[in-house]
Amino acid sequence: MTGQNTYIELSDLQSLIKRRIGHVESWVRVEIESHNEVRGHHYLNVIEKSAGGVIAAKAGARIWSSNAGIIDEFRSVTGRGLEPGMSV
């Protein structure tokens with residue numbers, strides 16, 4: 001289909017990912033690149049860097065206000081809030 005835009009529906013992408021990796025019961029280690037709080041919702045950009053410090057992967061992450069209590073728990077255990085440059 002030369003010259004035409006091709007796309008995949010979000011639900012199809014989600015199904016493809018689920019078929020490829022299944023259900024993952026693991027934590028993902030990331031570095032926080034940026035963190036903003038707006039009306040109780042937390043918006044993050046998270047990255048993975050190669051050994052040479054080059055960004056190898058980047059994604060957006062959200063913590064909705066209904067789940068923001070986990071940040072308070074994190075702060076009480078670590079003594080720190082979510083900060084850019086922090087690996088979690």
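The model is predicted, so local features need pLDDT of at least 70 and side-chain atom pairs count only at pLDDT 80 or more, while totals for chains, interfaces and linings use all residues. Residues are numbered from 1 along each chain as its sequence is written, and side-chain values use heavy atoms, with hydrogens and water left out. Helices (H or I, at least four residues) and strands (E, at least two) are DSSP runs, numbered from the N terminus.

**Helix α1**
- Helix α1 has 12 residues, 10–21, and should span 16 Å at 1.5 Å a residue, the expected span being 1.5 Å times one less than the number of residues.
- The end C-alpha atoms of α1 are 17 Å apart, which agrees.
- The count of buried residues in α1 is zero; buried means under 20% relative accessible area, exposed over 50% and partly exposed in between (1.4 Å probe, protein chains only).
- Gly 22 follows α1 and has a positive phi, near 70°.

**Largest pocket**
- The largest pocket holds about 510 Å³ of space. A pocket is an open set of points on a 1 Å grid over the protein atoms alone where a 1.4 Å probe fits, with protein on both sides within 12 Å along at least five of seven lines.
- Its lining has 14 residues, and Trp 27, Ile 63, Ile 70, Leu 82 and Val 88 lie nearest the centre; lining residues have an atom within 4 Å of a point.
- β2 (41–49), β3 (55–63) and α2 (69–78) are the elements that each give two or more residues to this lining.
- By class, the lining has 13 nonpolar residues, no polar ones and one charged. Nonpolar covers Ala, Val, Leu, Ile, Met, Phe, Trp, Tyr, Cys and Pro, charged covers Asp, Glu, Lys and Arg, and the others, Gly among them, are polar.

**Aromatic pair**
- There is one aromatic pair, meaning rings of Phe, Tyr or Trp (its six-membered ring) with centres within 6.5 Å.
- Tyr 43 and Trp 64 form this pair, 6.1 Å centre to centre with 85° between the planes; the pair is edge-to-face, a class for planes over 60 degrees apart.
- Tyr 43 is in strand β2 and Trp 64 in the loop between β3 and α2, 21 residues apart.
- Tyr 43 is partly exposed at 28% relative accessibility, and Trp 64 is partly exposed at 44%.

- His 42 lies in strand β2 and is buried, at 6% relative accessibility.
- The side chains of His 42 and His 35 are joined by a polar contact of 2.8 Å, that is, a pair of N or O atoms within 3.5 Å, one able to donate a hydrogen and the other to accept it.
- Arg 39, in the loop between β1 (31–38) and β2, is exposed at 77% relative accessible area.
- Arg 39 is not a glycine, yet its phi is positive, near 50°.

Note on methods: Points joined across faces, edges and corners; volume = space filled by probe spheres on them. Phe/Tyr/Trp six-rings, centres within 6.5 Å; stacked < 30°, edge-to-face > 60°.
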